[in-house]
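User: Could you take a close look at one helix packing in this model for me, and then show me what surrounds it in the rest of the assembly?

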There are 2 protein chains.
Amino acid sequence: MAELRQDPTTHEWVIIATERAKRPHDFQKEAPASAATARDPACPFCPGNEHLTPPEDFAVRREGAANDGWRVRVMPNKFAALLPGAEIARHNGGVFRGMTGYGKHEVVVETPRHDQLMALMELDQVEDILRAYRARYLALRKDHRIRLILIFKNHGRAAGTSLEHPHSQIVATPVVPASVRVRCETATRYHDDTGQCIHCVVRDEELQQGTRVVMETRGFVAYQPFASRVPFETWIVPKRHNSSFGHISDHAIPDLANVLRTVLWKLYYGLGNPEFNYIVHSAPIEDEDKEYYIWHIQILPRLTLQAGFELGSGMYINVALPEETAAFMRDCKAKAG
Amino acid sequence: MAELRQDPTTHEWVIIATERAKRPHDFQKEAPASAATARDPACPFCPGNEHLTPPEDFAVRREGAANDGWRVRVMPNKFAALLPGAEIARHNGGVFRGMTGYGKHEVVVETPRHDQLMALMELDQVEDILRAYRARYLALRKDHRIRLILIFKNHGRAAGTSLEHPHSQIVATPVVPASVRVRCETATRYHDDTGQCIHCVVRDEELQQGTRVVMETRGFVAYQPFASRVPFETWIVPKRHNSSFGHISDHAIPDLANVLRTVLWKLYYGLGNPEFNYIVHSAPIEDEDKEYYIWHIQILPRLTLQAGFELGSGMYINVALPEETAAFMRDCKAKAG
């Protein structure tokens, strides 16, 4: 019998379609050969081609490194969805509301190496990426016109990326998206009713049940949510309440780097380098001090397609049981850090 | 400069990314050769293979037709996401809510011909499909456990279909999906404030502005919404207020068949048979008599991919201007009906 499960943080239902269920290993594919080359002369993100991108906003550099020493580089996206420069103007033409597309859209080049996937990086490289995320988050949030900062990564063509060189993106928007607002309202109402943060309650319940937990460290839990929308959806959630990724502490960064790399490594080896997106969710900037939200990383492998039903209803049909895929992930052992 | 536009029916923002904008003809591709064969012996939906599917729930038959005379056939989906049979049981385990996956999931085989795309069908065939949709909608809504009935079509692999033989699907759910509830609440509040149906107001405004209208008939308008989420998103909306597709009148069916086929024909010839989903949206059954909702068909071509930003924020980045793509569609002339 199929089962419906409700995401407690959005109240959206997910159909766990056991009639068409797949076992975790059904999602495995042959891992493609990794990009053959550590440097691609035509790649704008490779060392030596820095002139092909807009000037950098930020970089992590280390003494004695090759090229000009950068390990992580952040610059404006050449094909930005939102742009700074213009003043924000709203236009309310009858029933249609619009505004100028003010905002920031940046690219984080994660490594000088063209062929280095995050799943296979040294830990200190992942730490530098997270430090770059934090530095840019904090810089962008100083702009009072910015309402939300979203950090995300698209890995593989099906996940929406066109450039192979490992990179992430940061978008800072001048509005709070409606679905983010709904998430906040749901959490606020839960907090009004119970005095608790719904995200913390869910995390603690996942920890207690344990069947969907992938790993746990001193500061973080990785689990596949009760109402996972897609097979192998995985959340990384801090144990300490904190609504904004910008507030992550120095000492939490190595811990998070380890959890993030381990989860990506398990996906890489367990499933054969699947395409995926991850999103670093933070509360809207105006809600950073509220007690009802917790920043987290949501990893969404692209193993199945969303069709008309999902597009029309917002309800997902998930053909895998989170309890089974989480057990598969736990059993997939990563190398030592 | 990029532009943000808000969908008045959901309040979700869309980024119209003019910096990366594509012109309508950039989305054209070579139309693939259509399926070579009118009948595939291995296809469960082809005539002669009726025994490969579950028993039919409904069919349109005509005197003198080939095989056993069916023109459209509806049967339970062999790989159903939701199933009838069990009683609905809710389980509220702490913060996690679930229920048995009660529901109905049906397949509508649109034609006996394996290679007949809806865009290229005779009008009376499209009419028979719409009659089958209505008949099943009305039959399914008699089940008091059903809350919402969604009719949809996935065309092409990227749109989530695995079987080539033209077919649509119907899913009847035992809950109102949260995003559908949000849409209803938005419309209710607008109705509370103004006494008007937001969907009718938007349709009339689109008609008056005209720049995004694709076509208009006596009973219907097809337009590409002000805040289109994807390039060439097209809505077909009845002029007469009616919240449920189940209530469509006999005389409106030929009119709708003409509009639907013409829009699909324009996409087929204009863009080279793109993959797409369409969804026939109706109000939840409990809200069928409310004045604030209007059933409509939403056509979503799969010309671009949604990446981490869309998945994380619910905000879409659309790289085409609806005013330009609608003009392109108007200029693409369909054959006479």
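Analyst: Happy to! One definition comes first: axes are lines fitted to C-alpha atoms, for helices over the stretch in contact, and angles run from 0 to 180 degrees between N-to-C directions. Please also keep in mind that this is a predicted model.

In chain B, helix H1 (residues 123-140) packs against helix H4 (residues 252-271) at an angle of about 115°, and their axes are 9 Å apart. Angles of 65 to 115 degrees count as roughly perpendicular, and H1(B) and H4(B) are therefore roughly perpendicular to each other. The crossing in which H1(B) passes H4(B) is right-handed. From H1(B), the contact is made by B:Leu123, B:Val126, B:Glu127, B:Leu130 and B:Arg131. H4(B) contributes B:Ile253, B:Pro254, B:Leu256, B:Ala257, B:Asn258, B:Leu260 and B:Arg261. Sorted by class, the residues of this contact are 8 nonpolar, 1 polar and 3 charged.

B:Asn273 counts as buried because it has 20 C-beta neighbours inside 10 Å. Chain A has its own Asn273, placed in the loop between helix H4 (252-271) and S13 of chain A. Phi of A:Asn273 is near 50°, again positive in a residue other than glycine. With 20 C-beta neighbours inside 10 Å, A:Asn273 counts as buried.

Now for the place where the two chains meet. Here 62 residues of chain A are in contact with 62 residues of chain B. On the chain A side, the elements that give two or more residues include strand S1 (3-6), strand S2 (13-16), helix H2 (178-194), helix H3 (198-209) and strand S13 (276-281). That side of chain A has 37 nonpolar, 17 polar and 8 charged residues.

Finally, the nonpolar core. In soluble globular proteins, nonpolar side chains tend to be buried together. In this model the largest nonpolar core has 189 residues, and A:Ile15 and B:Ile15 are those with the most contacts inside it. Leaving aside residues up to four places away in sequence, B:Ile15 touches A:Ala81, A:Leu82 and A:Gly101 from chain A. Its partners from chain B are B:Ala2, B:Leu4, B:Met315, B:Ile317 and B:Asn318.

Key:
Residues are numbered from 1 along each chain as its sequence is written. Chains are lettered from A and ligands numbered from 1 in the order in which they are written. This is a predicted model: local features need pLDDT of at least 70, side-chain atom pairs count only at pLDDT 80 or more; totals for chains, interfaces and linings use all residues. Helices (H or I, at least four residues) and strands (E, at least two) are DSSP runs, numbered from the N terminus. Angles under 35 degrees count as roughly parallel, over 145 as roughly antiparallel, 65 to 115 as roughly perpendicular and the rest as oblique. A crossing is left-handed if the near helix is turned anticlockwise from the far one by less than a right angle, and right-handed if clockwise. Two residues are in contact if their C-beta atoms, placed from the backbone, lie within 7 Å. Ala, Val, Leu, Ile, Met, Phe, Trp, Tyr, Cys and Pro count as nonpolar, Asp, Glu, Lys and Arg as charged, and the others, Gly among them, as polar. A nonpolar core is a set of buried Ala, Val, Leu, Ile, Met, Phe, Trp, Tyr and Cys residues joined through C-beta atoms within 7 Å. A residue is buried if 20 or more other C-beta atoms lie within 10 Å of its own, exposed if 12 or fewer, and partly exposed in between; C-beta atoms are placed from the backbone.
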